[in-house]
Each structure stands twice: as C-alpha cells, then as structure tokens.
Amino acid sequence: LSRALATLVHEFAHALVARAFGFPVHRVVLQLLGGVTHFERNRQAPMAEATVAAAGPIATFALAGVTYAATRVLDPASAAGVLARALTWANVIIGIYNSLPGIPLDGGNVLRCLIWAASGSERRGTVVAAWVGRGVAVLTLLSPLALSLLTGVQPDLLVYVIAGLVAAMLYAGATGQL
C-alpha cells in the first residue's frame with residue numbers, strides 16, 4: 001500500500017507539471033512496478049517535456065525527505081520508525097534508479113528531451129535514449145551477479161527473477177521506443 005501511494009505521488013507530480021505547461025492530462029495508471037501518466041505532448045517543447053519527466057523523480061526524492069524527517073522524530077524501534085526508514089531507503093533507491101538516463105525510465109525521457117533540444121531532432125534523442133535504456137536493462141540483468149562478485153554473498157533465486165523481470169520490462173520499453 002505504501003509503495004502504491006509513493007507511486008501515486010510520483011505520477012501526480014508528472015501530471016501536475018504537465019498541466020502547468022498546458023499539456024492536457026488524460027489519466028494516471030498504476031502498474032505492478034510503477035506507473036504511467038498519459039498526457040498530450042507538445043512536439044515543440046522538449047525542455048517542458050524534460051521538466052515533466054524530471055518531476056516524478058523529484059517527487060520521489062521529496063517523499064524520501066519527508067519519511068527521513070519522520071525517522072528523526074519516531075522511536076527507531078517502533079513499527080512506525082522501522083516503516084519510515086524502509087520507505088526512506090525505498091524512495092531513495094527508486095528515485096536514483098528511475099533517474100538513470102535510459103528510456104523508458106524518467107531519466108531516459110529527460111535525456112531524450114535534452115538531446116532533442118540540442119540537436120533539433122526528437123528522433124535522434126529517442127534513438128540515443130532507447131539504446132541507453134537497453135544498456136540499463138542489460139546492466140539490471142547482470143546486477144545480481146555483479147553484486148555477488150563484489151560482496152561475496154550469493155543472492156537467492158528471487159533476486160535473479162526480479163532482476164530478470166525488471167530487465168525484460170526495460171528492454172521491451174526501450175525497444176518499443178525504437
């Protein structure tokens with residue numbers, strides 16, 4: 001439930017910023033591993049779109065800040081204190097990961113828009129950010145093995161399965177943009 005609320009805050013941030021730029025927002029959809037905000041894009045405003053994309057991770061980091069502040073006033077041994085710490089770390093990790101510069105992540109959409117603004121070619125921005133997204137997917141797939149080699153701790157099968165599912169979703173999303 002708390003992850004769904006955090007995702008809702010993240011997606012509403014996209015929606016609010018999109019509306020602030022005058023982009024009509026049609027719906028916000030929550031999914032198993034995240035969400036998506038559907039809005040009408042303005043093909044003449046790459047920096048506005050970059051700002052809309054950046055709004056989600058900024059909201060995620062802000063939520064991490066709020067939950068961190070809660071950890072400072074709650075008893076660390078209480079259920080609320082433990083939950084606040086867990087939510088802080090979850091939001092920091094998700095915020096960092098979602099900021100990576102590969103489509104379909106928000107950081108990838110920021111990269112796409114920056115390249116589009118610099119080059120004048122939305123297509124070029126999309127191609128570069130999608131290929132980087134494929135790279136992020138491959139690194140995600142390899143991350144349990146890399147962590148195992150670095151730490152000497154063998155992750156359980158569930159970690160490999162989750163990394164594989166996330167990698168497959170990222171790769172498919174990047175490929176769909178290509």
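1. In this predicted model, the crossing of helix 2 and helix 3 is left-handed. The residues that make this contact are, on helix 2, Pro57, Thr60, Phe61, Leu63, Ala64, Thr67, Tyr68, Ala70 and Thr71, and, on helix 3, Gly81, Ala84, Arg85, Leu87, Thr88, Asn91, Val92, Ile94, Gly95, Ile96 and Asn98. Sorted by class, the residues in the contact of helix 2 with helix 3 are eleven nonpolar, eight polar and one charged.

2. As for the geometry of this pair, helix 2, which spans residues 46–73, packs against helix 3, residues 79–98, at an angle of about 160°, and their axes lie 8 Å apart. Because angles over 145 degrees count as roughly antiparallel, helix 2 and helix 3 are therefore described as roughly antiparallel to each other.

3. Turning to the pockets, the largest pocket has a volume of about 1,700 Å³. It is lined by 46 residues, of which Leu33, Gly34, Asn98, Pro104 and Leu105 are the closest to its centre. Asn98 also belongs to the helix 3 side of the contact with helix 2.

4. Several elements contribute to the lining of the largest pocket: at least two residues each come from helix 1 (2–20), strand 1 (25–31), strand 2 (34–39), helix 2, helix 3, helix 4 (106–119), helix 5 (122–151) and helix 6 (157–177). Helix 6 gives the most to this lining, with eight residues.

How values were computed: Residues are numbered from 1 along each chain as its sequence is written. This is a predicted model: local features need pLDDT of at least 70, side-chain atom pairs count only at pLDDT 80 or more; totals for chains, interfaces and linings use all residues. Side-chain values use heavy atoms; hydrogens and water are left out. Axes are lines fitted to C-alpha atoms, for helices over the stretch in contact, and angles run from 0 to 180 degrees between N-to-C directions. Helices (H or I, at least four residues) and strands (E, at least two) are DSSP runs, numbered from the N terminus. Angles under 35 degrees count as roughly parallel, over 145 as roughly antiparallel, 65 to 115 as roughly perpendicular and the rest as oblique. A crossing is left-handed if the near helix is turned anticlockwise from the far one by less than a right angle, and right-handed if clockwise. Contact means heavy atoms within 4.5 Å. Ala, Val, Leu, Ile, Met, Phe, Trp, Tyr, Cys and Pro count as nonpolar, Asp, Glu, Lys and Arg as charged, and the others, Gly among them, as polar. On a 1 Å grid over the protein atoms alone, a cavity is a set of points where a 1.4 Å probe fits but cannot get out, and a pocket is an open set with protein on both sides within 12 Å along at least five of seven lines; lining residues have an atom within 4 Å of a point. Grid points are joined across faces, edges and corners, and a volume is the space filled by probe spheres set on the points.
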